[in-house]
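Reader: I'd like to go through this one label by label. Can you show me the cut-offs behind the words?

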Amino acid sequence: MDELDIDAVAELELDDPVLVEGLPGVGHVGKLAVDHLLEELEGESTLVRRVYSREFPPQVTVEDGVSELTCAEIYAVSPPEGRDLLLLTGDHQAQTNDGHYVLTSAFLDIAEEFGASEAFALGGIPTGELIDEYAVVGAMTAESMRENLEESGVEFREDEPAGGIVGVSGLLLGLGARREFEVACLMGETSGYLVDPKSARAVLEVLEEVLEIDLDYETLDERAGEMEDVIGKIQEMEQQQQMDVPTDDDLRYIG
């Protein structure tokens with residue numbers, strides 16, 4: 001296999017589509033968000049490209065005993081209302097710096113083939129602690145995008161995220177700007193410890209308003225409820241461990 005193989009699965013005419021990327025990252029926020037979009041818009045979506053690369057881990061996925069080489073997939077979606085979409089999803093990102101550049105360039109090439117000149121990269125921004133209210137922090141390639149994004153609930157914070165944005169999401173901003181794409185990165189706050197459906201919902205609510213699409217969140221809320229149960233058990237274990245820590249009085253006893 002070459003360094004990069006792209007299967008053209010289908011060809012469709014789209015009306016001024018926007019690329020939306022959701023690959024695995026902090027809290028799996030972007031991945032959850034795009035997979036939920038695909039689930040909600042299943043009747044309007046068509047797989048158009050599979051992107052294979054030696055930069056992905058050397059493995060296959062297996063479903064009902066049938067294997068498939070690891071790849072990224074791009075779906076074309078024409079929802080009943082709002083913008084046409086190109087949804088980028090997959091189970092892995094590249095394993096090297098060069099691979100991130102190669103794959104991001106390929107994703108932008110495909111977006112251009114379908115007439116896109118805008119993109120949204122979806123991801124998470126770690127807080128290091130469990131949170132109740134989820135803000136969405138943004139980065140963008142053009143100042144002209146700020147007002148619309150802020151009106152949709154995006155916060156722009158000085159010097160945040162600290163250390164910048166890495167991986168495909170970061171390079172969509174950097175390489176996209178060099179191609180005159182308008183790109184925004186939407187990052188939902190998340191602890192960074194667990195898969196975070198609530199953060200994914202916060203990001204999707206912003207995207208829903210920006211792109212004027214209609215989404216239902218029932219299945220995502222169910223996943224959020226399951227994660228709350230997990231978090232509750234973790235907190236119970238932490239409290240129990242604190243109760244089991246010996247006090248000074250305990251330590252004074254010598255048997």
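Reader: What makes the crossing of α2 and α4 right-handed or left-handed?
Author: The crossing of α2 and α4 is right-handed. The rule is that a crossing is right-handed if the near helix is turned clockwise from the far one by less than a right angle, and left-handed if anticlockwise. Bear in mind that this is a predicted model, where local features need pLDDT of at least 70, side-chain atom pairs count only at pLDDT 80 or more, and totals for chains, interfaces and linings use all residues. Residues are numbered from 1 along each chain as its sequence is written, and side-chain values use heavy atoms, with hydrogens and water left out.

Reader: Why is α2 called oblique to α4?
Author: The axes of α2 (residues 97-113) and α4 (residues 167-178) cross at roughly 60° and come within 9 Å. That angle makes α2 oblique to α4. Under 35 degrees counts as roughly parallel, over 145 as roughly antiparallel, 65 to 115 as roughly perpendicular, and the rest as oblique. The axes are lines fitted to C-alpha atoms, for helices over the stretch in contact, with angles from 0 to 180 degrees between N-to-C directions.

Reader: Which residues of α2 and α4 meet?
Author: In α2, His 100, Tyr 101, Thr 104, Ser 105, Phe 107 and Leu 108 meet residues of α4, including Val 168, Leu 171, Leu 172 and Leu 175. Contact means heavy atoms within 4.5 Å. The contact divides into 7 nonpolar, 5 polar and no charged residues. Here Ala, Val, Leu, Ile, Met, Phe, Trp, Tyr, Cys and Pro are nonpolar, Asp, Glu, Lys and Arg are charged, and the others, Gly among them, are polar.

Reader: What makes α1 oblique to α5?
Author: The axes of α1 (residues 29-40) and α5 (residues 197-211) come within 8 Å and cross at roughly 60°. That makes α1 oblique to α5. The crossing of α1 and α5 is right-handed. Among the residues that meet are Leu 32 and Leu 37 in α1, and Val 203 and Leu 207 in α5. By class, this contact has 9 nonpolar, 2 polar and no charged residues.

Reader: On to single residues. Why does Glu 73 count as buried?
Author: Glu 73 has 19% relative accessibility, so it counts as buried. Buried means under 20% relative accessible area, exposed over 50%, and partly exposed in between, with a 1.4 Å probe and protein chains only. Glu 73 sits in strand β6 (residues 72-77).

Reader: How do you know that Glu 73 and Arg 50 make a polar contact?
Author: Their side chains are joined at 3.2 Å. A polar contact is a pair of N or O atoms within 3.5 Å; within protein, one must be able to donate a hydrogen and the other to accept it, and residues adjacent in sequence count only if both atoms are side-chain atoms. Leaving out residues up to four places away in sequence, Glu 73 also touches Leu 47, Arg 49, Leu 87, Leu 88 and Thr 89.

Reader: And why is Gly 82 called partly exposed?
Author: Gly 82 has a relative accessible area of 41%, so it is partly exposed. You'll find Gly 82 in the loop between β6 and β7 (85-90). The C-alpha atoms of Gly 82 and Ile 213 are separated by 4.9 Å, though these residues are 131 residues apart along the chain.

Reader: How much of the chain counts as buried?
Author: Of its 255 residues, 45% count as buried.

Technical notes
Helix = DSSP H or I, 4+ residues; strand = E, 2+ residues; numbered from the N terminus.
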